[in-house]
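Could you walk me through this structure, one selection at a time? I have it open in a viewer and would like to know what to click next and what is there.

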Amino acid sequence: MAHRLRPVGLDFLEVAPVRHVFVREISAPVEAVYRALHDDVPGWAEWFAQMRSARPVDGGAGRDITLTGGVRFRESVIAAKEPEVYAYRVDVTNVPGVRAIIEEWRLSPAGTGTRVRWTFATDGSAVYRLAMKPVRAGQARAFRDAVAALDRRLTA
């Protein structure tokens, strides 16, 4: 059953009870990485293996995301500052126990490539927060693999 989450802003990235931050450097240039994140929402499903489908909604102000396993998110883009920040919050999901989620992709030059930092910030019931601890390792692998696939896609 889908339920509405608490609307949060970028400040939640710093105060969320659960924060997972992952960083990788890739060879693709910052501008190309930003365009892939912001302009090609359906393309996410081609490089982020856990994403079954992604589509922009509300004229690009939001996204409908379906992950493997049937997890669904309706998201609102809350920051799109080219070429350095792309962030969105989850407004509606079918994940039980969650109260708020925000994700931020922060990009910076690393030589001729890009330093990609992804922050996943969330809050929920005590059971949800406890369940998020072992999820961190899976998110780290998913991020590493996704960013590597994105890099291959952008530099092919």
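**Stop 1**

Select Asp 58, in the loop that joins strand E3 (51-57) to strand E4 (62-67). Please keep in mind throughout that this is a predicted model. Check the backbone here: Asp 58 is not a glycine, yet its phi is positive, about 55°. Most residues other than glycine have a negative phi. Is Asp 58 buried or exposed? Its relative accessible area is 58%, and because exposed means over 50%, Asp 58 counts as exposed.

**Stop 1: a cis proline**

Next, go to Pro 83, in the loop between strand E5 (72-81) and strand E6 (85-93). Display the peptide bond that runs from Glu 82 to Pro 83: this bond is cis, and its omega is near -5°. Most peptide bonds are trans.

**Stop 2: along strand E6**

Now follow strand E6 and pick out Asp 91, Val 92 and Thr 93.

- Asp 91 has a relative accessible area of 10%, so it is buried. Leaving out residues up to four places away in sequence, Asp 91 touches His 3, Arg 4, Leu 5, Arg 74, Glu 75 and Ser 76.
- Val 92 is partly exposed, at 21% relative accessibility. Beyond its neighbours within four places in sequence, Val 92 is in contact with Ala 2, His 3, Arg 4, Arg 72, Phe 73 and Arg 74. Draw a C-alpha to C-alpha distance from Val 92 to Leu 5 as well: they are 87 residues apart in sequence, and 5.8 Å apart in space.
- Thr 93 is buried, with a relative accessible area of 1%. Show its side chain: one of its polar atoms lies 2.7 Å from the backbone oxygen of Arg 72.

**Stop 3**

Across the whole structure, a search finds 13 aromatic pairs. One to zoom in on is Trp 44 with Trp 105, an edge-to-face pair with 5.5 Å from centre to centre and 85° between the planes. This pair links distant parts of the chain: Trp 44 belongs to helix H3 (residues 44-47) and Trp 105 to strand E7 (residues 98-110), 61 residues apart. Are these two tryptophans buried or exposed? Trp 44 is buried, at 1% relative accessibility, and Trp 105 is buried too, at 2%.

Which ring faces does it lie over? Arg 63 lies over the face of Trp 44, 4.3 Å from the ring centre, and also over the face of Tyr 88, 4.1 Å from that ring centre.

**Stop 4: two residues of strand E7**

Select Glu 104, in strand E7. Glu 104 counts as buried, at 4% relative accessibility. Which side chain does it meet in a polar contact? The partner is the side chain of Arg 117, at 3.4 Å. Setting aside neighbours within four places in sequence, the contacts of Glu 104 are Leu 13, Val 85, Tyr 86, Ala 87, Arg 117, Trp 118 and Thr 119.

Then move to Pro 109, also placed in strand E7. Pro 109 is exposed, at 66% relative accessibility. From Pro 109 to Asp 145 the C-alpha distance is 20 Å, while in sequence they are 36 residues apart.

**Stop 5: the largest pocket**

Finish with a surface view. The largest pocket holds about 460 Å³ of space. How many residues line it? There are 22, and Leu 67, Phe 73, Trp 118, Phe 120 and Gln 139 are those nearest its centre. Color the lining by element: E4, E5, E7, strand E8 (113-124) and helix H4 (126-155) each supply at least two residues. Which element gives the most to this lining? That is H4, with six residues.

Notes: Residues are numbered from 1 along each chain as its sequence is written. This is a predicted model: local features need pLDDT of at least 70, side-chain atom pairs count only at pLDDT 80 or more; totals for chains, interfaces and linings use all residues. Side-chain values use heavy atoms; hydrogens and water are left out. Rings of Phe, Tyr and Trp (its six-membered ring) pair if their centres lie within 6.5 Å; planes under 30 degrees apart count as stacked, over 60 as edge-to-face and the rest as tilted. Helices (H or I, at least four residues) and strands (E, at least two) are DSSP runs, numbered from the N terminus. Buried means under 20% relative accessible area, exposed over 50%, partly exposed in between (1.4 Å probe, protein chains only). A charge sits over a ring if NZ of Lys or CZ of Arg is within 6 Å of the ring centre and within 35 degrees of the ring normal. A polar contact is a pair of N or O atoms within 3.5 Å; within protein, one must be able to donate a hydrogen and the other to accept it, and residues adjacent in sequence count only if both atoms are side-chain atoms. Contact means heavy atoms within 4.5 Å. On a 1 Å grid over the protein atoms alone, a cavity is a set of points where a 1.4 Å probe fits but cannot get out, and a pocket is an open set with protein on both sides within 12 Å along at least five of seven lines; lining residues have an atom within 4 Å of a point. Grid points are joined across faces, edges and corners, and a volume is the space filled by probe spheres set on the points.
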